[in-house]
Amino acid sequence: MKIFSAEQLYEADKITLEKQQITSAELMERAGEQVFQWLHQRLNAAQVPIHIFCGIGNNGGDGLVVGRLLIQHGYNVHTYVVNCSDKRSKNFLINYDKIKNVSKKWPALMKSEADFPQINSEDIIVDAIFGIGLNRCPDGWVKKLIQYLNESNAYKLAIDIPSGLYANMPLDNAEAVLKANFTVTFQTPKMAFFLPETAKFAPNFDVIDIGLDESYLNSEEPLAQIISKPQAQKFYKPREKFTHKNTYGHVAIVAGSYGKMGAAVLSSTAAFRVGAGLVTAYVPKCGYQILQNSLPEAMVVSDKNETILSEIKFDFEPNSIAIGMGIGKDEITVSALKHFLSEVKVPLIIDADSLNILSENKKLLKHIPKNAVLTPHPGELKRLIGPWKNDYDKLEKTKKFSNKHKVIVLIKGSYSITVYGDKLYVNTSGNPGMATAGSGDALSGVIAGLLSQNYDPLLATVFGVYLHGLAGDIAAQDLGYEALMAGDIIDAISQAYLELFTKPEEEEKGQ
Ligand SMILES: NC(=O)C1=CN([C@@H]2O[C@H](COP(=O)(O)OP(=O)(O)OC[C@H]3O[C@@H](n4cnc5c(N)ncnc54)[C@H](O)[C@@H]3O)[C@@H](O)[C@H]2O)[C@@H](O)CC1
Ligand SMILES: Nc1ncnc2c1ncn2[C@@H]1O[C@H](COP(=O)(O)OP(=O)(O)O)[C@@H](O)[C@H]1O
Ligand SMILES: [K+]
């Protein structure tokens, strides 16, 4: 699935009307009908009061369609027109008129705070105040209405997008956005649903296919691609029968320092679990026994330094290398990294301390090989590219960095985003239980293990992040979020692979 901008959706809307020879009112009916079905399936004719707040644009028009259909099906509906302007849209007016045919109760006109209705916590609120046509921050009594609705404990369903949120622009004021429990969104999820500053307003959503013109959407460059199970299934490369360990490559994990040897163990184990043929951990001397004892499958090469890495040299030729997990930032390690970067030729992942070393020694950036994968969490990213004004600015700065240095940058977090030049890939697996020490080390091992199996660097990143998140989700099913540890994610990688193909995808269209 792809994410499109509000502008692209308006264009798709226009083209759809021409190609399908339908009116915009018919398209609105199609959209509203599906939102009605969504509610109807869940409510099953229950007589819970449903309060529908309609703006004066087409989002409000959708709300009126939903209201009409609910009334026709015997629901207990209260409709309100949030009359913030006299410039009502044509389709709003058509549906404003139509609702008269099914109810004697004309929608209540709201013009000020005095018109706010009483809402009980067991009621349902449908938010159809503003859609993707929001063009300024809600203010005055409309902002107060949004706050009033937010204060209510009633269940809040937003149509298309929570009111006050722009589809693909930064937030004006978090105080003026409806906090929806659920959003039923048209055709494509909006970028705002995936970014930390705005995603909290749309924590759950379903995408409704309203049949916008596919050939137009396929021809357009999306804002981002969403990676969920169907995409991940396509990325997977099956293992062939007549193969041997060398077919699946040799991973070098360059990691660890005194007191942080676990990072090397976790990354190496993850590389094996994801399918690497051979794994060698390159660690300071003090890590030798630790690695041999905790992961007998791995080979170990130790640095001549007892506690930190002082030189990064192999007497074998790895097919991929992950570097940086727990290595610290000692000057000796910095110069070892510098030397290493200027010589390395194989697919590379740069993580953790090696990212911080790069941030503190920006001159080293020019040595990073093309298509290296950098996996910063937000703190590491900030050190690397500098502060950002908002999430969109962060993405633009990361794209610039990716273009300049010809690298893949994975911005880790909830909905990790892979940035490759101007392209964005939004991951949908994973959970807050994964916010635990070592889960990033596991991810580096996963990506390295895929690289060694000949996945190209972009695919290894996008697929690796999905698999890692899926493993985290599977582990959390048994353990819950709090108890989840990085080792549990690694243990669940096997089930993640199996899950990719054993269960049908139930919810391609949302979260
Ligand atoms: N584009 C599509 O493909 C379709 C869109 N539909 C609906 O149409 C919506 C977009 O409709 P519109 O373009 O009419 O826009 P909206 O309904 O989102 O709102 C725009 C109206 O509100 C006013 N407005 C914007 N921000 C305001 C603010 N802060 N304070 C006061 N007034 C403000 C605008 O001046 C305009 O009159 C979508 O979100 C969706 O719900 C659907 O009907 C089906 C098809
Ligand atoms: N709230 C969350 N939801 C989904 N995934 C998360 C969440 N928090 C962390 N993760 C994932 O866990 C990993 C954490 O990586 P990182 O912060 O580098 O951990 P560490 O340095 O401790 O190994 C990343 O892959 C990240 O996407
Ligand atoms: K809305």
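User: Two residues are in contact if their C-beta atoms, placed from the backbone, lie within 7 Å. Which residues does Tyr415 touch, not counting residues up to four places away in sequence?

Analyst: Tyr415 touches Phe194, Ala199, Val426, Asn427 and Thr428, with residues up to four places away in sequence left out. Please note that this is a predicted model, in which local features need pLDDT of at least 70 and side-chain atom pairs count only at pLDDT 80 or more, while totals for chains, interfaces and linings use all residues. Residues are numbered from 1 along each chain as its sequence is written, and chains are lettered from A and ligands numbered from 1 in the order in which they are written.

User: Is Tyr415 buried or exposed?

Analyst: Tyr415 is buried, since 21 other C-beta atoms lie within 10 Å. A residue counts as buried with 20 or more other C-beta atoms, placed from the backbone, within 10 Å of its own, as exposed with 12 or fewer, and as partly exposed in between. Tyr415 lies in the loop between S16 and S17; strands (E, at least two residues) and helices (H or I, at least four) are DSSP runs numbered from the N terminus.

User: Which residues does the UniProt "binding site" annotation cover?

Analyst: The unreviewed UniProt entry lists Lys412, Gly413, Ser414, Tyr415, Ser416 and Gly440 under "binding site". Such annotations may be inferred rather than shown by experiment; positions follow the numbering used here, and feature names are shortened. These residues span 29 residues in sequence, yet no two of their C-alpha atoms are more than 14.1 Å apart, so they gather at one spot.

User: Which residues come nearest to ligand 2?

Analyst: His377, Ser414, Gly430, Ala435 and Gly440 come nearest, out of 18 residues around ligand 2. A residue is placed in such a shell if its C-beta atom, placed from the backbone, lies within 6 Å of the molecule. Helix H15 (residues 439-452) gives the most, with four residues. The shell around ligand 2 divides into six nonpolar, 10 polar and two charged residues. Nonpolar covers Ala, Val, Leu, Ile, Met, Phe, Trp, Tyr, Cys and Pro, charged covers Asp, Glu, Lys and Arg, and the others, Gly among them, are polar.

User: How many residues surround ligand 1?

Analyst: Ligand 1 is surrounded by 33 residues, the closest being Gly57, Asn58, Asn59, Gly131 and Gly133. Helix H1 (6-20), helix H2 (24-43) and helix H3 (58-72) are the elements that give two or more residues to this shell. H3 gives the most, with five residues. By class, the shell around ligand 1 has 17 nonpolar, 11 polar and five charged residues.

User: Changing topic, how is the chain divided into domains?

Analyst: The protein chain is divided into domain 1 (2-219) and domain 2 (232-502), with bounds from an automatic or database domain assignment. Their C-alpha centres lie 42 Å apart. Seven residues of domain 1 are in contact with six residues of domain 2. On the domain 1 side, the touching residues are six nonpolar, no polar and one charged.

User: What does UniProt list for residues 9-218?

Analyst: The unreviewed entry gives "domain: YjeF N-terminal" for residues 9-218. In the model this span is 37% helix and 16% strand, and its end C-alpha atoms lie 12 Å apart.
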